[in-house]
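Please walk through this model one region at a time, from single residues up to the contact between chains.

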Amino acid sequence: MMRFLLLFSRQGKLRLQKWFTPLVERERKKVVRDMTLMVLGRPPRSCNFLHWKDLKVVYKRYASLYFCCGLDDKDNELLALEVLHRYVELLDKYFGNVCELDIIFNFEKAYFILDEFLMGGEVQETSKVTVAKSIEASDMLQETMEEYMSKPAF
Amino acid sequence: MPAPIRLRELIRTIRTARTQAEEREMIQKECAAIRSSFREEDNTYRCRNVAKLLYMHMLGYPAHFGQLECLKLIASQKFTDKRIGYLGAMLLLDERQDVHLLMTNCIKNDLNHSTQYVQGVALCTLGCMGSAEMCRDLAGEVEKLLKTSNSYLRKKAALCAVHVIRKVPELMEMFLPATKNLLNEKNHGVLHTSVVLLTEMCERSPDMLAHFRKLVPQLVRILKNLIMSGYSPEHDVSGISDPFLQVRILRLLRILGKGDDDSSEAMNDILAQVATNTETSKNVGNAILYETVLTIMDIKSESGLRVLAINILGRFLLNNDKNIRYVALTSLLKTVQTDHNAVQRHRSTIVDCLKDLDVSIKRRAMELSFALVNGNNVRGMMKELLHFLDMCDPEFKADCASGIFLAAEKYAPSKRWHIDTIMKVLTTAGSYVRDDSVPNLIQLITNSVEMHSYTVQRLYKAVLDDISQQPLVQVASWCMGEYGDLLVSGQCEEEEPIHVTEDEVLDVLEGVLVSNLSSPITRGYALTAIMKLSTRFSSVNRIKRVVSIYGSSIDVELQQRAVEYNALFKKYDHMRSALLERMPIMEKTTTNGPTEILHTNGEAEPSVRDSKHPPNIPQPSSQANDLLDLLGGNDVVPVIQTELPTKPASSGGELLDLLGDLSLSGVPAPAAPISVSQPTFLLDGISSQPLFNDVAGAIPPMTAYNKNGLKIDFTFERSNSNPNVSVITIHASNLTEVDMADFVFQAAVPKTFQLQLLSPSSNVVPGLNKGTVTQVIKVLNPQKQQLRMRIKLTYTHKGSSVQDLAEVNNFPTQSWQ
């Protein structure tokens, strides 16, 4: 299973953090720090796999963002690259030519899309179309501001 | 109160901050506003405020005060609220705080909500961060949803079940009935998550594994359909249909087929098909091939299939893509134990990978290269590995050096080659060599008797150039100390002998002593080496001078050594030559790990002993226990009634415990201390008598005890088989008129000795000296310490029972030396 998924910029700023194992805030911060240092420190044409503690780390750079995930020893690294790529495709479909700014300003949507694609560190839906449809439908359920204000809370 | 600013606006504002301080100020201001808004229990804008809080949290600022607000959002009826609330819960709450349990009821309600997207969000949260307690409470709901016909919910419930099982393995049984028809689905999402669920169950429980084996044919069929079916736009990735599902099925097949002939056979065909038909131009195809290879290697596949798998890995090694090469090396490392010959075929490619620029690839290639070294290829491989050692980054050097030493030891074709290899490692990566290699190397060098002059010559030359690498200098110092005479004598068969004078050697050693580069341990080596040369060189005065200077060294270790060596010169000069004699061959013992058999050409090496023989545990009889009690001190060992124990073999690093290993007959050679921890036995127990004793002369008998008419004499003999064993015969005689019946003689010796008591001739000592009771005691005295004994006598005399204790200290020195 995937243990975590991080998105960070070339300057090391965190744009998204998804944790699939329970870690306290301090431990999370440490992982983020270590990953950022390790990945950003890699020479440009290295292979995308690293070893960190007992985990395999797979990372891929898309424009100005690094997508970095930590895997169990048993997981398939090459497939993890495909998983990362699929996520980028989903973001791209949703935002239309996604760029880092989209993810900065709409981070909650990025999380929602991720939650339709992965759960508990595993892929939950392998069809791009199905994921896109679910997101669309969920978005429709979200109330507009007027509806929101007029509906009673309970 | 004006509406709180919107999320996007906040983000925009914060991004305009030019310094960290400015950003912090903005954030603090906003946090304060949010806090007061929370205090006012504002339902309308809670969602917006929490969203802003989550953004600030991502920037690294504390957001714990929003935790309860997330719970309130989750409880709200509005979908917008729930979405943000659950997101906040996943980011801000963790299972270590009890507050997360407050979510349980909300989740339970949402799992039963009428809208599938609400149910979905609840399932997602539970499946990502549900604690064990939550899982226990909600497992029933999840199980219910696993059986629903709604595929959107079913797939989520399956992954949620996986999480529940990971957290609370005992609940696995509960999900078993729901798994019955999971694989009959057409929906890929459900299929994929079902396979994940089945995999999780099979990995955790052998019973489940056995139960699900019957699914193998169905899995094979699904996989076949995926490969054979035409283009399916929904699941296609670069021409391959649903690679995610394919890989998961292959992984499940691996688990089901492992160790099971029937299952393995059932999947043979499909594996061959996948292996041959998968398109390899893109990463996705290689991902599937990789998983296939792993499966083939793990199950009981037929040999043709295994060869196919290794060949795929071989092709991977030649791939331009670094990732593929890395993955190939990792897999080959896993299979090298089982399919050694097949992997050997790719040896040259693997060795080429040592030159790769990528660090991860280099490391894997190094590990794999070491695994591939064998008797046939050792020369070639070592050349490559030594070259790698020279060129690689420091992070690799220690591991590489250790690996080379190990491999060289195992497969060295000749002693000379072995020494040459060690020399190269020491000179190339001398400072990265591990500390425990130094004693190992020294032991190796002593064993190669005919190479001594060659070795010391080469080490001397190396040290002339460079004394910064501590392990090299330590080994060199030791060798120069031992074999300095060979060095100056100019005899060397293996290579051109160099002309070295005694002074030059002493110059080098003194240089090491004074140099700032030398560590204290190295200095210790150098000082001892200089001392040893006093018996091998003629310039003793110079050595005396050096030694006396260090008698006042600040370093306590050096000072102690120098003082003792000084004492050797002054008071014990007669012993110096014996003490500093050439070291005997040390027997190799392994400290840990499996025993290894040494193969060397032309040399019959003894096979390595097993790790230390544990010293025999004496079986104290109750009498012996009493003796111990009475004697009080814990330096006494009870009588051993068992066989004479074998001496404990010394551990690899401990070169001092040598006397136990000596199997030299005749002259007992004393051992000179060479490494850091010195025993004090050098000066201990030294009497005015010469240390060794050319046997011959009979040892005079002595009277050990004489009281109340009972007299016990000791007579001595040396054991022929073992010079450390003294054989003492006691003769008990009775000068009174009445016999002494039930006579029992017991003895105890200090800890460093071992004692064996044989049966007495009788237990009645007849009166009036009409006869004696004799009993043989064997004493093992490996450390040649002064023999002391306490004896206890019990007998019945004139109707009453008599007990007596005595100490025997007057042993003649020849009896224990």
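B:Ser238 has a relative accessibility of 40% and therefore counts as partly exposed, where buried means under 20% relative accessible area, exposed means over 50%, and partly exposed lies in between (1.4 Å probe, protein chains only). B:Ser238 sits in the loop between strand 1 (236-237) and strand 2 (240-241) of chain B. Helices (H or I, at least four residues) and strands (E, at least two) are DSSP runs, numbered from the N terminus. The phi of B:Ser238 is positive, about 50°, although the residue is not a glycine. Most residues other than glycine have a negative phi. A positive phi near 50° is also found at B:Leu768, again a residue other than glycine. B:Leu768 belongs to the loop between strand 8 (754-757) and strand 9 (772-780) of chain B.

The model is predicted: local features need pLDDT of at least 70, side-chain atom pairs count only at pLDDT 80 or more, and totals for chains, interfaces and linings use all residues, while side-chain values use heavy atoms, with hydrogens and water left out. Residues are numbered from 1 along each chain as its sequence is written, and chains are lettered from A and ligands numbered from 1 in the order in which they are written.

Another loop residue of chain B is B:Met174, placed between helix 9 (151-167) and helix 10 (188-204). B:Met174 counts as partly exposed because its relative accessibility is 31%. Leaving aside residues up to four places away in sequence, B:Met174 touches B:Ala139, B:Gly140 and B:Glu143, contact meaning heavy atoms within 4.5 Å. B:Met174 and B:Ala161 are 13 residues apart in sequence, and their C-alpha atoms are 9.8 Å apart in space.

Two helices of chain B come next. B:Asn268 lies in helix 14 (residues 261-277) of chain B, and at 11% relative accessibility B:Asn268 counts as buried. Its contacts, not counting residues up to four places away in sequence, are with B:Ser301, B:Glu302 and B:Leu305. Helix 15 (residues 283-298) of chain B has 16 residues, which at 1.5 Å a residue should span 22 Å; the end C-alpha atoms are 23 Å apart, which agrees. The expected span is 1.5 Å times one less than the number of residues. Of the 16 residues of helix 15 of chain B, 15 are buried, so the helix is largely enclosed by the rest of the structure.

Which charged residues pair up? Side chains of opposite charge can pair when their charged atoms come close. A salt bridge here is a side-chain nitrogen of Lys or Arg within 4 Å of a carboxyl oxygen of Asp or Glu, and the whole structure has 56 of them over all chains. In chain B, B:Glu200 and B:Arg204 form one, with the closest N and O atoms 2.8 Å apart. The two residues are four apart in helix 10 of chain B, so about one helical turn separates them. B:Glu200 is buried at a relative accessible area of 7%, whereas B:Arg204 is partly exposed at 38%. Salt bridges with shared partners join A:Glu122, B:Arg166, B:Glu200, B:Arg204 and B:Arg248 into one network.

Chain A has six helices and seven strands. Of its 154 residues, 62% count as buried. In helix 1 (residues 25-40) of chain A, A:Lys30 and A:Asp34 are four residues apart and so about one helical turn from each other. These two residues form a salt bridge, the closest N and O atoms being 2.9 Å apart. A:Lys30 is partly exposed at 37% relative accessibility, and A:Asp34 is buried at 17%.

The remaining topic is the interface. In all, 71 residues of chain A are in contact with 77 residues of chain B. The area buried between the chains is about 6600 Å², with carbon and sulfur atoms giving 56% of it; buried area is the accessible area (1.4 Å probe) that two parts lose on being put together, summed over both. Nine salt bridges cross the interface of chain A and chain B. In one of them, the side chains of B:Arg83 and A:Asp139 meet at 2.9 Å, N to O. Helix 5 (residues 128-141) of chain A gives the largest share of the side of chain A that touches chain B, nine residues. A:Asp139 is partly exposed at 22% relative accessibility, and B:Arg83 is buried at 4%.
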